[in-house]
Amino acid sequence: MSVHAIKSVLTLRLREKKILEANETIEQVIAVSPGCTSNAFRCTTSAGMRVFVKTCAPSSTQSMDEALKIEAIGLKAIADTHTIRVPTPYDFGVLESEQCAYLATEYIPMGSKFGRAIDVSTERFGSQLADLHLAKGPDRFGFCVNNTIGTTPQDNTWSSDWVEFLHRRLKYQFELASKYTDVKVAGQRLLNNLETYFEEITEPIRPSLLHGDLWSGNWSVDEKGEPVIYDPAPFWGHSEFDLGIMKLFSDADDGFYKAYHAKIPKAPGYDKRISIYALYHCVNHLNMFGSQYLGRCMSLFRDIF
């Protein structure tokens, strides 16, 4: 990745967006830990401002700038609820000379999730995530754009019926995993009986704005210990859905769940539905990374059945 391309293009673009002053320039570009499908950089301007920049190449399912444009839309949607901190998106576009897209956001220095204040931080995380899930929004399930979970496309076509929306999502993952006979058979059994896992819920399921990919690597705390979430794959869905991937890949503790459920109590049938939502992510990992996730998927099927 050309440091010069980042400096020249981002300086002009962020000046146009009034993020930088007219005479301010990006002076330093340092590579930081990359993601699974992207590279990341910490940029510092001549005035000492820091900007986070993510870049990625086009995929087989998305144009060069589509993925990061969609991420910017998701970050703004969460930010607009004023419930939990996310990096403010500044700009997105294409670095033509590098044949890659970029997303520039606020740079947030992170603290430690494992310091002395961890109990307070995780409780705040639980409380603020519940606030996000309680934010007012549309009366249907889906999102204004389709997005991806990892590298897998997600269909966010609007639906008034959560079970129908979930059925569509699960069916797609099971079809991608159809070479695994056990997953194919168990997946069809689950789809045939999906509605029964929601029969004990007496109140209508209200659409909640979800992060969508809330594993331990996609949340942290800032230097003041306030929760921060990032790299979302958002949509409006059942609030419990965000807790599914946390069952698989999370470092949230009892304080998180206590604070969360103080605002959004568990509904009857909660445990099996959480396993269903975890299964969605586990099968996605099976599809992306291979058979090392097969045993975990089948264990979740057993929990559900």
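I'll go through a pocket, then salt bridges, then a patch of charge.

One caution before we start: this is a predicted model.

Pocket first. Rolling a probe the size of a water molecule over the atoms shows where empty space is left. The second largest pocket holds about 370 Å³ of space. What lines it? The lining of this second largest pocket has 23 residues. Nearest the centre are His 238, Ser 239, Ile 264, Pro 265 and Ala 267. Helix H3 (118–134) and helix H7 (254–263) each give at least two residues to that lining. H7 has the largest share, with 3 residues.

Now the salt bridges. Side chains of opposite charge can pair when their charged atoms come close. How many salt bridges are there? The count is 13. Take one: Glu 16 with Arg 13, whose closest N and O atoms are 3.5 Å apart. Both sit in helix H1 (residues 3–16). They are 3 residues apart there, so about one helical turn separates them.

Last, the surface. Asp 161, Glu 195, Glu 199 and Glu 200 form a negative patch. Where is Glu 200? Look in the loop between helix H5 (181–192) and strand S8 (208–210).

Terms used:
Residues numbered from 1 in each chain as written. Predicted model: local features only at pLDDT ≥ 70, side-chain atom pairs only at ≥ 80, totals over all residues. Heavy atoms only, no water. Patch = residues over 30% accessible without salt bridge, like charges linked within 9 Å, V, L, I, M, F, W, Y side chains within 5 Å. Areas by Shrake-Rupley, 256 points an atom, 1.4 Å probe, with all protein chains shown as cover. Salt bridge = Lys/Arg side-chain N within 4 Å of Asp/Glu carboxyl O. Lys, Arg positive; Asp, Glu negative; His and termini not counted. Charge placed at Lys NZ, Arg CZ, Asp CG, Glu CD. Helix = DSSP H or I, 4+ residues; strand = E, 2+ residues; numbered from the N terminus. 1 Å grid on protein atoms, 1.4 Å probe; cavity = no way out; pocket = protein on both sides within 12 Å on 5 of 7 lines; lining within 4 Å. Points joined across faces, edges and corners; volume = space filled by probe spheres on them.
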